[in-house]
Amino acid sequence: MPPFADSRPPANAFHQSKPDQSSNLVTIDVGGQLFQTTKQTLTIAGPKSLFSRVSSVSDQYGVPFVDRDPELFSILLSLLRTGHLPSKAKTFDLQDLISEAQFYGIENLLVASQSNPSQFEAFNLENSLILPLSGRDSPSAISTTPYGSIHVAHGSKITSFDWSLQRKSTILTQFTAVDSLLTISPNLAAAGATDFSGLQIIDLDNGFVRETLNWENVTRSSSTVQAIGSSPEFLFTSFESGRRNSNSIMVFDLQDSFRPVTEIGHNEIFGANLDSAIPATKLNWVSSYNLLMASGTHSGPSGVLGNIKFWDLRSGNAVWEVKEKVDCFADVTVSDDLSAIFKVGVNSGEVFFTDLRTIGAENSWVCLGNKRKVVNGKKEGFGCKIENHGNQVFCSKGGDLELWSEVQMGSSRNSEDGLEERVFRKNLMGRAKDMGGNRITHLGFGGNKMFMTRKDQQFVEVWQIVLGSVGFAIFWVSAACPAVPFLPIGRTAGSLLGDMLMVISRVISPNQAYAAIDLSIPGRLFRTVVASVYIERAASLRCSDTWENCSRGNVGMQRACFTQSESCLTFQALYS
Amino acid sequence: MDDGISHVALGSQPNDRIKLNVGSKLFETTVSTLQSAGPDSLLAALSNRPRLDSNPVFIDRDPEIFSILLSVLRTNRLPSTARRFTKQELAEEASYYGIESQLKSAMLPTPLSGIDASRVATINPASDGLVSAFTAGDGDGSVWIAHGGQITGYDWNLTHAGTIRTHLEDITSIRRVWPEVAAVGSDIAAGLHFYDFSNGSRVGSAHWTDKSDPRIYKARVAAIADSPSQVFASFDCPHRENCILVIDKSTLKIESEFARQPGSSAKNMVAEKLTYLPDSGLLVGSAVASGAFGYSGYIRLWDARSGEVVWETNEPGSGRSSRFGDSFADVDVDTDESTLFKICSKSGDVAVADLRNLGDDPWVYLKEKNPSMRSTGGGGESVIHCYRKQVFVGREGELEVWSKVEEKETNIERESRLSEGSYRRNYVDKMEDSERGIIKKIEGGGDRLFVCRENVEGIEGVDDS
């Protein structure tokens with residue numbers, strides 16, 4: 001019951017004890033229930049939120065009254081205080097919390113606690129949710145945003161799911177099918193098709209076309225869109241003329257209402273120069289090198305040909321070019337974090353990589369899979385997709401998904417080119433039930449989720465981590481952003497605290513937790529964990545800046561048990 | 001955000017606040033929140049009490065449901081905690097506080113967009129489940145179903161509201177003319193009958209008679225439409241002579257008769273579909289007959305006041321139609337956009353005509369090049385229904401929607417409005433949905449679409465949620 005025992009209105013209380021101007025305490029009356037918090041907590045909400053206005057109002061007039069539900073308010077106040085949702089939030093739909101957070105103007109905090117890209121953990125993704133699409137068209141393109149909302153083009157429609165994946169909206173476009181889709185801003189997307197002239201900038205709220213961007217070759221014929229890419233400043237579009245005799249990559253300014261900036265890689269095809277006839281079908285921005293990777297293939301009677309070009313925007317020149325004649329790529333991706341290009345060979349179906357540092361060298365592809373595979377005429381890699389996210393590479397083979405990750409080897413054996421040999425290992429993702437579905441057609445990443453569409457299936461699969469969400473929230477806050485102001489604890493401590501919270505919040509019971517630990521692990525270890533968590537928490541509340549000293553001094557025991565966050569992860573995996 | 005500050009009542013104006021004690025749980029809210037419940041509600045009445053005493057008002061009801069209803073008043077949306085209660089409980093409690101309309105608007109489906117809709121419910125009456133007619137009434141998502149001689153009502157959240165038995169053995173046309181009154185007719189029994197749904201009694205009936213012509217006898221009802229003040233019903237005699245009767249809605253007495261025709265050919269048989277256009281006061285009637293030589297029929301527009309024919313077209317006509325031999329299988333009027341839609345019987349094409357600009361051949365045949373849409377051949381077994389500026393077509397068992405593409409943010413000129421490519425065609429249903437049976441009738445109401453299939457018990461409700 002609310003702490004509202006006496007029925008005196010708060011205004012009377014205000015007259016009896018005049019609020020001290022210098023006082024840090026703020027009292028708020030929400031729907032008849034009184035809450036007390038500090039100004040620091042309220043300022044976390046940001047200057048535009050209702051909370052900051054509440055704290056300014058309270059200085060002048062006493063206890064402010066907000067005519068909203070007190071239970072939801074208490075959850076959002078917990079979010080402000082701790083950065084994560086309390087376990088009692090589970091009695092409400094996320095949708096309730098979202099609309100309440102929107103009212104108070106702190107939806108960004110809610111997003112950060114629920115769908116943060118730093119929560120992404122490739123090894124723990126599970127096929128956990130299906131987003132159904134109306135009608136009978138299979139997805140033809142998907143586009144994700146960093147905080148986990150997704151736009152899916154299917155047929156002439158674009159269906160958008162918000163970051164909570166609970167609100168859905170669909171708009172109709174002029175295309176019969178959208179082949180390339182890219183989200184530019186929360187409510188703007190660039191869409192193009194290989195059978196439709198021009199790139200359309202579509203308002204996703206109402207389906208209006210804001211702008212149509214075109215490219216014209218010398219004959220002024222119409223041009224279709226082959227690929228869309230973007231960097232923080234620019235929008236790249238690969239156009240091909242309607243008669244397929246010329247192609248080009250246009251660069252538009254994202255900040256300046258899509259003004260055309262420059263044109264790169266303009267090819268006019270005269271004669272039989274096949275290589276120039278290949279338009280780029282994938283555009284990736286490599287931010288660490290400030291280069292645009294454009295890749296495209298052409299399938300002819302003599303096999304598949306392709307090229308990968310790296311463009312320097314300033315000079316408009318291709319700085320590197322890789323021509324693919326033998327076992328050309330079926331799909332290619334470039335990873336900034338790994339500083340490498342990955343391809344899947346169309347004939348062999350194996351994954352290759354080349355280090356960006358050795359890109360100029362002849363035949364630099366290193367096969368990661370079966371090196372001895374005989375490349376015959378078959379196209380085993382046909383339709384395979386390869387994408388990267390963080391420092392993982394995801395490669396689809398039919399209905400299965402391979403996860404390639406680099407193993408950091410302590411002793412580096414240098415190969416002849418002076419760089420250490422890199423070791424990549426693969427895992428097949430998912431449980432047995434997830435294997436062998438229809439061919440995977442699109443992969444996307446956003447928030448802590450991976451999105452996947454399959455051939456002839458009218459839904460999007462969502463792969464995410466299924467853990468006790470509360471404990472996990474604690475984990476990421478500490479693991480990902482050690483500089484979070486309101487939770488100044490280390491990565492290890494955070495994960496342990498998360499584990500403890502999972503126990504406390506009854507995601508798992510302590511008995512389960514005991515049971516989850518192998519009996520060979522002594523119970524003493526568990527108690528140590530408990531102790532260290534409490535010590536850490538107490539310490540972190542008192543001294544945030546001297547934390548390093550505290551942890552070294554007081555909880556050396558804990559350090560001995562869990563020195564690396566990896567072991568904490570194992571610990572968490574045991575729980576789940 | 002901006003209206004948020006209005007909810008933050010400042011501490012200096014405590015008079016705006018009101019305290020309620022509902023079943024021993026204390027609530028505090030503002031007068032304006034309570035008054036948003038509407039002037040007739042209990043809550044608004046409470047807020048008008050003198051607020052001199054600071055004692056909370058005691059209401060002897062369940063506090064949990066009240067907190068949900070208070071949330072509805074505050075936010076206009078239903079919180080997830082409402083799932084602890086059935087819709088019935090919520091509706092009953094809301095009617096106690098007099099805020100049923102607010103609860104309704106919070107629970108209603110979002111505006112129907114055919115491209116995003118999916119089947120949400122199948123409504124199946126307990127007995128005689130084969131639905132012979134239904135009417136989506138009142139624009140709140142409720143539906144009245146005629147099955148056999150019974151009428152079963154389902155309210156706005158599609159829960160069973162009641163069943164009445166009529167004297168008719170087989171109701172083939174039904175129209176909800178008042179919130180509690182249905183006009184029903186049968187193709188095997190004479191007359192148009194009005195039934196009060198609240199007590200199940202017949203409150204009136206209308207028969208077509210002609211003192212000067214004894215052959216006008218035992219006329220049966222083929223179609224019913226209504227305007228705010230009148231009911232229009234097409235009557236058909238056993239010897240096929242037919243007319244349209246105008247019946248006053250308040251007295252349920254016959255006012256006048258028009259469009260009397262002999263019924264000897266397909267061009268003057270009884271209208272099987274009647275639609276009233278509230279904007280122009282026109283009545284649109286259509287009839288289609290199919291025989292060994294294909295489909296034939298007419299579309300006719302009458303001025304509902306004078307009974308004059310304003311425009312008509314016959315198919316197959318002798319005129320210079322670009323689609324000779326491809327007459328329509330079904331017609332419907334979009335009352336929002338004032339357009340007429342037809343589906344061709346042979347090609348299955350959908351055509352549109354602007355009601356404000358009708359001529360000899362007003363049809364614009366819509367083009368759709370979506371390669372993923374299987375060409376369904378003929379349009380023989382097709383029904384068409386316009387709702388919320390979209391056109392829903394049932395082809396055999398498949399439900400598709402034609403929706404208009406937004407061109408630009410700027411307003412387009414009316415001339416270019418009806419162009420061949422301005423509509424996109426999409427399926428509403430999945431492949432497996434279409435195998436349940438041939439779609440017999442589609443009707444929309446309250447942002448829901450109801451679909452009735454041949455030889456399938458019950459009707460399906462489709463909406464956006």
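**Entry 1: two domains of chain A**

How far apart do the C-alpha centres of domain 1 of chain A and domain 2 of chain A lie? I looked this up and noted 45 Å. The model I am reading is a predicted one. For the bounds, I wrote down that chain A is divided into domain 1 (4-114), domain 2 (119-409 + 422-465) and domain 3 (468-575).

Next I looked at where domain 1 and domain 2 of chain A touch. Ten residues of domain 1 are in contact with eight residues of domain 2. The size of an interface is often given as the accessible area lost when the parts come together. I noted that domain 1 and domain 2 of chain A bury about 770 Å² between them, and that 53% of this is on carbon and sulfur atoms.

I then asked how many salt bridges the rule finds across the interface of domain 1 and domain 2 of chain A. I found one. The side chains of A:Arg167 and A:Glu107 meet in a salt bridge, with 3.8 Å from N to O. I also counted three residue pairs in polar contact between domain 1 and domain 2 of chain A, both residues being at pLDDT 80 or more.

On the side of domain 1 of chain A that touches domain 2, helix H5 (94-104) and helix H6 (107-114) each supply at least two residues. H6(A) gives the most, with six residues. I sorted the residues of this side by kind and wrote down five nonpolar, four polar and one charged.

I took chain A and chain B in turn. The secondary structure of chain A comes to 13 helices and 31 strands. Chain A has 576 residues, and 55% of them are buried. Chain B has 465 residues, of which 55% count as buried.

I also looked at contacts along the sequence. In chain A, 51% of the contacts between residues at least 6 apart in sequence join residues at least 24 apart. In chain B, residues 24 or more positions apart account for 50% of the contacts with a separation of 6 or more.

**Entry 2: A:Asp331**

Is A:Asp331 buried or exposed? I noted a relative accessible area of 8% for A:Asp331; that is under 20%, so A:Asp331 counts as buried. A:Asp331 lies in strand S21 (residues 329-335) of chain A. The side chain of A:Asp331 reaches the backbone nitrogen of A:Ile386 at 2.8 Å. Leaving aside neighbours within four places in sequence, I listed the contacts of A:Asp331, among them A:Lys282, A:Phe342, A:Cys384 and A:Glu387.

**Entry 3: salt bridges**

Side chains of opposite charge can pair when their charged atoms come close. How many salt bridges does the rule count over all chains? I wrote down 56.

I looked up one pair that crosses between chains. B:Arg83 forms a salt bridge with A:Asp93, and the closest N and O atoms are 2.7 Å apart. B:Arg83 is in the loop between helix H4 (63-75) and helix H5 (87-97) of chain B, while A:Asp93 is in the loop between helix H4 (70-82) and H5 of chain A. B:Arg83 has 59% relative accessibility, which is over 50%, so B:Arg83 counts as exposed. A:Asp93 counts as partly exposed, at 26%.

Then I looked at a pair within chain A. The side chains of A:Asp253 and A:Arg259 meet in a salt bridge, at 3.2 Å from N to O. A:Asp253 is buried, with a relative accessible area of 11%, whereas A:Arg259 is partly exposed, with 40%.

B:Glu169 is exposed, with a relative accessible area of 56%, and B:Arg165 is partly exposed, with 44%.

Which residues are linked with B:Asp210 in a network of salt bridges? I listed B:Asp213, B:Arg215, B:Glu241, B:Glu257 and B:Arg260.

Technical notes
Residues are numbered from 1 along each chain as its sequence is written. Chains are lettered from A and ligands numbered from 1 in the order in which they are written. This is a predicted model: local features need pLDDT of at least 70, side-chain atom pairs count only at pLDDT 80 or more; totals for chains, interfaces and linings use all residues. Side-chain values use heavy atoms; hydrogens and water are left out. Domain bounds come from an automatic or database domain assignment. Contact means heavy atoms within 4.5 Å. Buried area is the accessible area (1.4 Å probe) that two parts lose on being put together, summed over both. A salt bridge is a side-chain nitrogen of Lys or Arg within 4 Å of a carboxyl oxygen of Asp or Glu. A polar contact is a pair of N or O atoms within 3.5 Å; within protein, one must be able to donate a hydrogen and the other to accept it, and residues adjacent in sequence count only if both atoms are side-chain atoms. Helices (H or I, at least four residues) and strands (E, at least two) are DSSP runs, numbered from the N terminus. Ala, Val, Leu, Ile, Met, Phe, Trp, Tyr, Cys and Pro count as nonpolar, Asp, Glu, Lys and Arg as charged, and the others, Gly among them, as polar. Buried means under 20% relative accessible area, exposed over 50%, partly exposed in between (1.4 Å probe, protein chains only).
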